[in-house]
Each structure stands twice: as structure tokens, then as C-alpha cells.
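Thanks for asking me to look this over. Here are my notes, point by point, to read alongside the model.

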Amino acid sequence: MPQDIQTDVAIIGAGTAGLFAMKQARKAGKSVTIIDPGPLGTTCARVGCMPSKVALHAAHLWDQREEMAAYGAHGIEQLSLDRDAVWDRVSTMRDRFAGKTEANARKAMGDDLLEGPARFLEPTVLEVALPDGKQQVVRAQAVVIANGSRPIMPDWLAPLGDRVVTTDTLFDLKHLPDSVGVLGLGAIGLEMGLALSRLGVRVIGADIARFPAGISDPELGQQVVEQFSAEFPLWLGESAELSKEDDGIVMKTSQGREKVDMILASLGRRPNTDTLNLADAGFELNDKGQLQFDPATQQVQDLPVFIAGDVNGQRPLQHEAADEGTIAGFNAVRGITRFRRRTPLSIAFTHPDIAVVGARLEDLDPDETLTGTADGSGNGRSVILGAQSNLIRLHADAKTGRLRGASLMATHGEHLAHLLAWAIQRGETAQDLLAMPFYHPVVEEILPDALQEIVSQLPEKDDLPKGFLREA
């Protein structure tokens, strides 16, 4: 048995959250042991945000050929696509992102990296299974849990065998099938369904949710369904029955029956806490078997233990993992500080993009909320881009006009979403934003219409034109 390692901070997981926690511990001059069984390279770079965006970009390039024909390009019908070559390019780019991320992480961690799976013996005592079969005990003053998540794979999918892939294995395929059923139409499921469909794969999408991409606003949800069901069938609001046949898998709901070559299971991700021996080590778990923690501090109970990133099951996004890792690492070595979290921001890069910013509509009191809506039908830039279906929904406080949340589907919506997130975090009002400059013609010109609708419902304060201020 190797000699016990004594360290100030033990970090379980060398992904985004773990690496940011490591930076804070080192900045404080503390010793760090970071534990990870591999593969390194972060979920975002290996199987998440980066390879999916490469696939979407490739699909968008190919999808543009029909619009090119409308503008006078000839010979479009003679073009062909080698899907395997496309996917090889996607995989190559994925390996590039993941490889660079892994190399940078290994360089940053140096000798502080301990490779192997960890389990708790006590809240600050860990046991790591080393590659040589020996067990290494690590004793820490504080621990950061940041060992990520994995795709949900229900037992009822097991009989389908190798005809099922997850978002973690999709990019390892050497050959894209002719048809795919996407089970689960959250952001990543919808993104990959659209990417595959635009590359010529026949796609069938199914989800028990009423709307895709986690949308709860019914007006936006209906617009999204109308937009993307034109590209592949969206069977929503009920479970799909699956049955295996010799030459494929049959998907069936009340909305249709289709046979596909493969199923992409995109049913969300589960935290990797179940591998850590938490209950036996003395941690209190909730009814879902997960740790309870304070999102403002990332602290678990009142222990010198912190949890950050996808493993806490709260905001499974790369930028949130970076923030949570920073908070966890800071509090692990400097005492407990409560941090104000940034405005929530989620984007699906579906072209047009879908985004939800700030408070969600269902979490706002309808009696205290004003909503402004605007679409792309009268927006010149949207018309040029063929994006008349653009739709923006803004939610503001009924008394002050302070912006609380927004949801949208828009071409270049990723940029609009950021502007709105910054405005919400700064406490801007609809009146403030209406007084901002808007260039012509840009997609952002949709905003004044939605803002005007909100401002028109607020009590009049003077007779100035809306959006204009007196010179100071």
C-alpha cells in the first residue's frame, strides 16, 4: 500500500470545473491533488459543445445549396455529399479540440494529477484505484467534487444492442446510417437531429415533452415546432415504443410508425455521484440519491466539501462549470463567501438559434409580469436572411419595467441572447433598452417592437416619445 498523500485540496475530476477549482487553490498557495480516471479533455471538447457545433456548421454549409440556387447558382443538382467524409472531418476536429484541451490540462496539473477512479472513505479521505491495481489513500483539508456526468441509458434500451448510440459515442461512428431516430429532443438532441437531417440522414425525433429544447413558453414552443418539423418529424408529448427487428428499429407513437437504422439516445445526463460511495462515507443524500448543497457557495452541508459542474445536476453548461469550479475552489481554501450567480443563459445552435435568458416564464408571477412579443416578419434583415419566423418574447416587472427574462428563436440569436443576458444582469428596464441605439438593418431591430409593447403598458411618467431622454 503506497504511503498516504496529504494535501490541502483534493479535486475529483479534471474537467472544466475541476481545473478552475485547481486554479483558485494554487492562487492561494495551497497544495492540490487532482484525481481523474480519464479520458481527459473535458466533456465540452470531447462529446459536447465543440463537436456538435462542428457538425452543425458542416450541415449548414451543405444546406445552403438550395438557397444559392435561388440566387442564380447553377449546377446545384449535380452536387453530392460524402457523409462519411463529413463525419470523419467532424471527428478529426473533435480530436483536435479534445487533444489540445487534454494536453493543456496535463501540463497545468503536472505531478498533481493522480489517474484513477476515486471513492470516499470519509468526507475528506479518499481512496483511489491506481492503474497498477494498488489503492492510494488521499487525506485532504477540503475536497471539491467535480467528476461530471454521463448519458442516461435506461435499461429498456439494452435489448436494442449496438443499434443505440449516445451523445458520448455518436462522434466515434465511422459511418453515418441512412436513418436515425432521436430519442429526446432537448437542446443537444434537437441540434444533432437537425445536423443529421441537413446532411441527408432521414431523422425521426421523439420526446415526451410538449415542446423541444426545454421550452416551456407555449407561444415560442409552437413557433419552434412549426419551424423545425419542416425538417424532420417531431413526435412530441408522448413516449415512443421501440422494437428491434433484424434490419432496424421500429419507432411508434400515435403520431406515426417508422423504421430506422439506429437510435440516438439523447435523454439527458446523470451525475457521476453514484460512483463515489457517498452514503457509506457519511454524506446525507436527498430522495434522488444526490448531495444537497448551496448554489451560492457550492458547499455540501456544513462540510469542507464542495460540488461543482455537471455532477451537481443544476446547470450543465460549460460556462456554469467554470463559475462553479471557481467558487468551489475559492471557498475550499479561503473560507466561505456567498457569490451572486450570473444570469442564466442557455442556447441551442439550431439555426435559427433558440435561447432562454434569465427567469423562465413559468417561474414569474403573471400578475406582476408584462410580456412584449415581436417577430421577424417586419424586420428587413430577417426577411433578407429568410428568417421571418424569428420570434422574441421579453418579460419585465409590471411596476418598474425591469427586464426579468427572455426567450427567443432567431437567426444569429446567440448574439441577441448575450445582449439580453447582460441587460438583465445589469438591472436594465425596458425604458432603458428602448433608449439604446439600434442600427438598420440588423436582426436586433426586432427588440424595440417588443420593448415598446412593454413600455406602453407601464404608467406614463411624462409626455416624451418612448425611447427618448431629455438632454442632461
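1. A word on annotation before anything else: UniProt positions are given here in the numbering used for this chain, feature names are shortened, and annotations may be inferred rather than shown by experiment. With that in mind, UniProt places the feature "active site" (unreviewed entry) at His440. His440 sits in the loop between helix 11 (430–434) and helix 12 (446–455); helices (H or I, at least four residues) and strands (E, at least two) are DSSP runs, numbered from the N terminus. At 54% relative accessibility, His440 counts as exposed, where buried means under 20% relative accessible area, exposed over 50%, and partly exposed in between (1.4 Å probe, protein chains only).

2. Please keep the origin of the coordinates in view: this is a predicted model, in which local features need pLDDT of at least 70 and side-chain atom pairs count only at pLDDT 80 or more, while totals for chains, interfaces and linings use all residues. Residues are numbered from 1 along each chain as its sequence is written, and side-chain values use heavy atoms, with hydrogens and water left out.

3. On the overall layout, the protein chain is divided into domain 1 (5–38 + 116–151 + 270–332), domain 2 (155–267) and domain 3 (345–457), with bounds that come from an automatic or database domain assignment. The C-alpha centres of domain 1 and domain 2 lie 34 Å apart. UniProt also places the feature "domain: Pyridine nucleotide-disulphide oxidoreductase dimerisation" (unreviewed entry) at residues 347–449. Over that stretch, 347–449, the chain is 26% helix and 29% strand, and the end C-alpha atoms are 22 Å apart.

4. Now the disulfide, meaning a pair of cysteine sulfur atoms within 2.5 Å. A search of the whole structure finds one, joining Cys44 to Cys49 with an S to S distance of 1.8 Å. The torsion about the S-S bond of Cys44 and Cys49 is about -140°, so the disulfide is left-handed. Cys44 is buried, at 17% relative accessible area, whereas Cys49 is partly exposed, at 26%.

5. Which domains does the second largest pocket lie between? Domain 2 (155–267) and domain 3 (345–457) both give residues to its lining, so the pocket lies between them. Its volume is about 580 Å³. Of the 21 lining residues, the closest to the centre of this pocket are His60, Asp63, Gln64, Glu67 and His351. Helix 3 (49–63), helix 4 (65–70) and helix 6 (187–198) each supply at least two lining residues. By class, the lining has six nonpolar, nine polar and six charged residues. Here Ala, Val, Leu, Ile, Met, Phe, Trp, Tyr, Cys and Pro count as nonpolar, Asp, Glu, Lys and Arg as charged, and the others, Gly among them, as polar.

6. For pockets and cavities, the search uses a 1 Å grid over the protein atoms alone: a cavity is a set of points where a 1.4 Å probe fits but cannot get out, a pocket is an open set with protein on both sides within 12 Å along at least five of seven lines, and lining residues have an atom within 4 Å of a point. Grid points are joined across faces, edges and corners, and a volume is the space filled by probe spheres set on the points.

7. One cavity of 30 Å³ or more turns up in the whole structure, and the largest cavity holds about 60 Å³. Its lining includes Asp217, Arg360, Glu362 and His395, and draws at least three residues from each of domain 2 and domain 3.
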